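Reader: I have a structure to study and would like to learn how to read it, step by step. Could we take one feature at a time, beginning with the pockets?

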Amino acid sequence: MNASKSPIIVALVLLAVAAGSASGATITGTPHDLSTKGWGTTELCKFCHTPHLAQAVQGAPLWNHQTTAASYTMYSSATFQGAVTQTQPGPTSKLCLSCHDGTVAVDSFANSGTLRAGSVFMTSTNRVGSGNSLTSDHPIAFTYNAALVAADTHLVSPASTNWVDAASSIPLYGGKMECASCHATHDNTYAKFLRISNAGSALCLKCHLK
Ligand code: HEC
Ligand code: HEC
Ligand code: HEC
Ligand code: HEC
């Protein structure tokens, strides 16, 4: 993740840290645990990551799933100020869409470097980005910074370019808001893989002063 060390070593250290997560949260038994599907491996991480022969994509370390090449129609509205910095989904969000938009098979991951064609597609209830459209979804892939806060006037000021809050629970990716700002891919403690409980819309209120 930084240039000073080998990306592979850094990624392996991160994998080890994630596996022994201090919070005790685990992907086991969540909707992202595909190990019991009978897709040729019972390895939990393999559907998305591999220790060897990984793809050279940004967004997550040691990526092992086929990625979408789609171009998406992004959110817009008369009052959305983030539109000025919004382009296509950022690298992290593209990885989510590579299963969730319904165009790439969920079981199209690699075993020993060879991508399976795959034949199982995202269920309709969990599709996001269907028809390559993100127009009816909360905006992503825009820069959330002091300039945006000044323009909107009803937003929390991000603590840094990496985190909205000082407690490091709501991340930004290169200063941008992405799917994983709201969703914790590996942790279903709060259901729907949410970063924090959204009871009383607490997640929304992490950023919106409403
Ligand atoms: C369903 C797909 C999926 C599975 C299964 C999965 N991951 Fe991930 N992983 C992702 C995505 C997407 C990201 C980037 C977004 C993020 O950081 O959450 C990521 C990021 C990471 C990162 C870097 C960011 C961080 O959280 O430190 C590590 C390390 C990681 N995963 C380890 C693992 C390990 C270990 C397993 C198996 C126990 C696993 N992942 C299973 C999709 C997955
Ligand atoms: C990580 C921070 C964050 C979280 C969490 C978050 N939002 Fe947002 N949201 C933003 C930012 C930043 C914008 C862009 C504001 C702007 O452009 O003026 C935005 C835009 C919006 C917009 C569109 C505004 C427009 O003018 O078109 C709505 C509506 C909205 N959010 C509702 C919600 C709801 C509901 C939730 C909870 C489910 C939520 N947001 C969670 C940061 C967040
Ligand atoms: C390898 C494919 C894959 C990737 C990559 C992936 N998901 Fe999923 N996700 C799934 C599957 C499969 C389900 C369960 C679908 C079902 O059973 O209807 C799911 C379910 C979910 C759910 C619903 C959970 C629930 O409790 O119902 C959310 C939210 C979600 N994913 C968010 C994400 C986000 C955000 C990312 C990227 C950071 C991501 N996913 C990446 C395959 C994936
Ligand atoms: C602003 C926060 C936020 C962002 C950004 C966000 N989500 Fe969600 N997502 C939620 C919340 C909250 C839910 C729970 C359902 C609800 O409240 O309607 C949810 C639900 C889901 C579900 C379950 C199906 C459903 O509609 O309930 C999936 C799958 C999902 N999100 C994937 C994604 C993907 C993929 C992205 C990026 C393209 C994304 N989310 C971006 C907040 C967000």
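Author: Let us begin with the second largest pocket, which has a volume of about 440 Å³. This is a predicted model, in which local features need pLDDT of at least 70 and side-chain atom pairs count only at pLDDT 80 or more, while totals for chains, interfaces and linings use all residues. Residues are numbered from 1 along each chain as its sequence is written, chains are lettered from A and ligands numbered from 1 in the order in which they are written, and side-chain values use heavy atoms, with hydrogens and water left out.

Reader: How is a pocket found, and what is meant by its volume?

Author: Rolling a probe the size of a water molecule over the atoms shows where empty space is left. On a 1 Å grid over the protein atoms alone, a pocket is an open set of points where a 1.4 Å probe fits, with protein on both sides within 12 Å along at least five of seven lines, and a lining residue has an atom within 4 Å of a point. Grid points are joined across faces, edges and corners, and the volume is the space filled by probe spheres set on the points.

Reader: Which residues line the second largest pocket, and of what kinds are they?

Author: Its lining has 24 residues, and those nearest the centre are His138, Pro139, Phe142, Leu155 and His208. By kind, the lining divides into 15 nonpolar, 7 polar and 2 charged residues, where Ala, Val, Leu, Ile, Met, Phe, Trp, Tyr, Cys and Pro count as nonpolar, Asp, Glu, Lys and Arg as charged, and the others, Gly among them, as polar. Helices H3, H4 (179-182) and H5 each supply at least two residues of this lining; helices (H or I, at least four residues) and strands (E, at least two) are DSSP runs, numbered from the N terminus.

Reader: Which ligand sits in the second largest pocket?

Author: A molecule sits in a pocket if more than half of its atoms lie within 2 Å of the pocket's grid points, and ligand 2 sits in this one.

Reader: What surrounds ligand 1?

Author: The shell of ligand 1 has 16 residues, with Cys45, Cys48, His49, Thr185 and His186 the closest, and it divides into 10 nonpolar, 6 polar and no charged residues. Polar side-chain atoms reach this ligand from His49, at 2.8 Å from a nitrogen atom, from Thr185, at 2.6 Å from an oxygen atom, and from His186, at 2.9 Å from a nitrogen atom.

Reader: How many residues surround ligand 4?

Author: There are 15, the closest being Asn126, His138, Cys179, Cys182 and His183. Helix H2 (91-100) and H4 give two or more residues each to that shell. A polar side-chain atom of His183 lies 2.8 Å from a nitrogen atom of ligand 4.

Reader: Is Ser98 buried or exposed?

Author: Buried means under 20% relative accessible area, exposed over 50%, and partly exposed in between (1.4 Å probe, protein chains only). Ser98, in helix H2, is buried, because its relative accessible area is 0%. Its side chain reaches the backbone nitrogen of Thr68 at 2.9 Å.

Methods:
A residue is near a molecule or strand if one of its heavy atoms lies within 4 Å of it. A polar contact is a pair of N or O atoms within 3.5 Å; within protein, one must be able to donate a hydrogen and the other to accept it, and residues adjacent in sequence count only if both atoms are side-chain atoms.
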